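Me: I'm new to this one. Can you walk me through it?
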Amino acid sequence: RIEEVVESHAAGNVPHGAASTQPPTVVVTNAASNAQPFIHPEFRLWLTAPLPRDDGPVPLPLSVLHKGTKVILERPHTLRSTLVQLVQTFHERLYSGCKRPMLFRRIMFVVCLFHGMLVVRGMFGEQGWMGNYMFSETDVGVAIEMVRTRLNECEERGMDLDYTALTRMLTDGLYAGRITDRHDMACARQMLAELLTPALTEDKFTLPLPAEYKTLPETTFPSLEAYVPTLPWLDYATLAGLPEGATRTRSLRELKHLRANLTAVTGATKAPTPAPGR
């Protein structure tokens with residue numbers, strides 16, 4: 001089958017399921033390599049695999065990666081894209097299993113928002129964090145269980161939720177393994193403390209954020225799905241608690257990085273001369 005495909009003007013595809021089992025993938029790629037003299041010049045073999053977890057194995061064999069051209073899907077780096085990923089991953093767990101469902105849903109939205117703000121702040125380089133911290137969706141998965149357990153305990157004992165203690169539990173108990181600088185940790189605590197307050201239980205509660213992010217969505221999954229696409233595509237520095245000048249610095253740094261990559265790919269040594277009249 002492989003020999004027939006590579007000799008024709010066609011494209012082969014090995015989807016997630018096949019790529020997750022390494023030996024068959026190696027067999028497929030080796031079969032294509034062995035048919036090298038007969039490969040059609042426009043034949044391409046596409047291997048797709050999900051992004052690896054932080055503590056998980058690489059989903060494709062290294063021998064396969066070395067032979068091909070890699071195209072990857074970057075991790076989300078804006079608040080909007082982060083929330084889209086979190087909602088898609090945890091939508092069932094965000095809306096079940098808690099004895100105080102309304103409060104649980106609001107708190108978990110705030111936690112997801114806080115996680116996205118940590119990611120956004122990291123995009124501003126040293127202006128955001130002193131270290132290069134990597135945050136992942138597994139952090140939110142652990143936070144869901146921590147918040148659910150705490151709220152269930154409060155309901156069973158007839159206690160009010162201690163928001164200050166919950167803030168310290170989430171920041172020091174969860175993100176302390178990611179954020180190592182003490183000043184950065186103090187900043188993270190303050191960011192969550194401003195979002196996680198008793199005012200969450202009020203009907204007209206608004207988030208202490210820029211105007212585009214103030215509205216708190218209703219505690220239903222359809223309303224959350226409708227809310228996330230309304231968020232801006234570009235996150236400004238004020239969302240991460242930074243001065244507006246940080247947005248310009250970030251844009252210049254990203255432009256410089258993009259130009260360096262384009263130069264490396266095209267082999268150009270200097271910027272092209274602009275066309276007359278531009």
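Me: What does the side chain of Asp184 reach?
Reply: The backbone nitrogen of Met130, at 2.8 Å. Keep in mind that this is a predicted model.

Me: Where does Asp184 lie?
Reply: In helix α9.

Me: Which residues does Asp184 touch, leaving out those up to four places away in sequence?
Reply: Gly128, Trp129, Met130, Gly131, Tyr133 and Ile179.

Me: Is Asp184 buried or exposed?
Reply: Asp184 is buried, yet it has no salt bridge. The nearest side chain of opposite charge is Arg121, 5.9 Å away.

Me: New topic. How many aromatic pairs are there?
Reply: The count comes to 5. In one of them, the rings of Phe114 and Tyr175 have centres 5.6 Å apart and planes at 90°, so that pair is edge-to-face.

Me: Where do Phe114 and Tyr175 sit in the chain?
Reply: Phe114 is in helix α6, and Tyr175 is in the loop between α8 and α9. Phe114 and Tyr175 are both buried.

Me: Which residues do ring pairs link into a cluster?
Reply: Phe114, Trp129, Tyr133, Phe135 and Tyr175.

Me: And the largest nonpolar core, how many residues does it have?
Reply: It has 60 residues. Ile107, Leu170, Leu196 and Leu207 have the most contacts inside it.

Me: Which element gives the most to this core?
Reply: α6, with 14 residues.

Me: What does Ile107 touch, again skipping residues up to four places away?
Reply: Val147, Leu151, Leu161, Leu166, Leu196 and Leu200.

Key. Residues are numbered from 1 along each chain as its sequence is written. This is a predicted model: local features need pLDDT of at least 70, side-chain atom pairs count only at pLDDT 80 or more; totals for chains, interfaces and linings use all residues. Side-chain values use heavy atoms; hydrogens and water are left out. A nonpolar core is a set of buried Ala, Val, Leu, Ile, Met, Phe, Trp, Tyr and Cys residues joined through side-chain atoms within 4.5 Å. Buried means under 20% relative accessible area, exposed over 50%, partly exposed in between (1.4 Å probe, protein chains only). Helices (H or I, at least four residues) and strands (E, at least two) are DSSP runs, numbered from the N terminus. Contact means heavy atoms within 4.5 Å. Lys and Arg count as positive and Asp and Glu as negative; His and the chain ends are not counted. A salt bridge is a side-chain nitrogen of Lys or Arg within 4 Å of a carboxyl oxygen of Asp or Glu. A polar contact is a pair of N or O atoms within 3.5 Å; within protein, one must be able to donate a hydrogen and the other to accept it, and residues adjacent in sequence count only if both atoms are side-chain atoms. Rings of Phe, Tyr and Trp (its six-membered ring) pair if their centres lie within 6.5 Å; planes under 30 degrees apart count as stacked, over 60 as edge-to-face and the rest as tilted.
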